[in-house]
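User: I have a model to look at before setting up some calculations. Let's go through it step by step.

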Amino acid sequence: MLQRVLAVGLVAGLVAGLAVAVLQHFTTTPLILAAEVYEVEAEQQARGLLVPANIILAHGGHGAGAAASGGEAGFDAGRTLLTGLATIVTAVGFALVILAAMIAAGGRIDERRALGFAFAAFLAAGLAPALGLAPELPGSAAAPLLARQVWWIATAALTAGGLWLFVRHGALWARALALAMIAAPHVVGAPHPAAYESRVPAELAAQFAATSLAVQAVLWLSTGLLVGLLWQHLARRAGEA
């Protein structure tokens with residue numbers, strides 16, 4: 001059992017992580033690089049070092065702005081590799097979380113149930129926290145890191161527990177408690193900065209938040225699908241399916 005869990009987790013995470021790393025390269029990464037151009041410009045303006053041409057080029061296109069800012073937004077093979085590696089490691093973690101939850105729940109492990117668990121995990125660890133703390137670009141104002149981390153962990157844990165309770169127990173009191181658990185972090189409210197200030201245009205920040213959530217959903221769901229398919233494949237090979 002342990003060998004199968006590790007094998008499925010590693011292979012599913014590797015394949016899904018590689019695929020989503022490519023997706024990130026063409027979706028979220030350009031937005032981050034564009035935001036860094038604005039962040040560098042703001043720092044240069046604060047020091048009185050920004051030349052007028054930089055402003056024109058930055059608003060004329062991401063590539064031109066990057067060149068004017070000393071290549072800050074240019075292609076960086078090392079950075080791309082590290083980002084891809086981080087995505088793969090994250091996907092392996094997702095796969096192991098999905099498997100652990102499915103084994104704890106009992107029942108058959110297949111692609112349909114794995115997709116269901118993956119979707120629930122995205123709701124708990126992705127969508128629910130984003131309702132209070134949306135994905136942020138460099139240069140965005142934010143509350144203290146520790147406060148955001150505590151709220152995020154509490155939100156993810158309460159949402160996951162609430163979903164589990166709602167699905168596994170049909171009693172009215174259990175479902176009421178589950179809904180209260182899911183709503184509690186949002187009633188308390190996420191920590192936010194005293195003033196909403198950002199060096200990044202609102203349109204760019206909104207696009208990044210939406211795209212990041214979409215990419216995270218793809219990562220969870222593709223990982224879940226692969227977990228179910230690979231588990232059944234290994235079960236058939238072992239004569240257990």
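User: What is the mean pLDDT of the chain?
Analyst: This is a predicted model, so confidence comes up before geometry. Of the residues, 85% reach a pLDDT of 70 or more. The mean pLDDT of the chain is 86.

User: Over which residues is the pLDDT below 50, and how many contacts does this stretch have beyond near neighbours in sequence?
Analyst: The stretch with pLDDT below 50 covers residues 51-73. Beyond near neighbours in sequence, its count of contacts in the model is 29.

User: How many helices and strands are in the chain?
Analyst: From the N terminus on, the elements run α-α-α-α-α-α-α-α-α. That leaves zero strands, and the helices number nine.

User: What share of the contacts with a separation of 6 or more joins residues 24 or more positions apart?
Analyst: Contacts here are heavy atoms within 4.5 Å. Among those with a separation of 6 or more, residues 24 or more positions apart account for 77%.

User: Is Thr 211 buried or exposed?
Analyst: Thr 211 sits in helix α9, residues 202-237. Its relative accessibility is 17%. The cut-off for buried is under 20%. Because 17% falls under that cut-off, Thr 211 counts as buried.

User: Which backbone oxygen does the side chain of Thr 211 reach, and which residues does Thr 211 touch?
Analyst: Leaving out residues up to four places away in sequence, Thr 211 touches Thr 27, Thr 28 and Leu 31. Its side chain also reaches a backbone oxygen at 2.7 Å, that of Gln 207.

User: How much of the accessible surface of the chain belongs to carbon and sulfur atoms?
Analyst: Of the 241 residues, 37% count as buried. The accessible surface of the chain comes to about 13,100 Å². The part belonging to carbon and sulfur atoms is 69%.

Conventions. Residues are numbered from 1 along each chain as its sequence is written. This is a predicted model: local features need pLDDT of at least 70, side-chain atom pairs count only at pLDDT 80 or more; totals for chains, interfaces and linings use all residues. Side-chain values use heavy atoms; hydrogens and water are left out. Helices (H or I, at least four residues) and strands (E, at least two) are DSSP runs, numbered from the N terminus. Buried means under 20% relative accessible area, exposed over 50%, partly exposed in between (1.4 Å probe, protein chains only). Accessible areas come from the Shrake-Rupley method with a 1.4 Å probe; for residues, only the protein chains shown count as cover. A polar contact is a pair of N or O atoms within 3.5 Å; within protein, one must be able to donate a hydrogen and the other to accept it, and residues adjacent in sequence count only if both atoms are side-chain atoms. pLDDT is the predictor's confidence in each residue, from 0 to 100.
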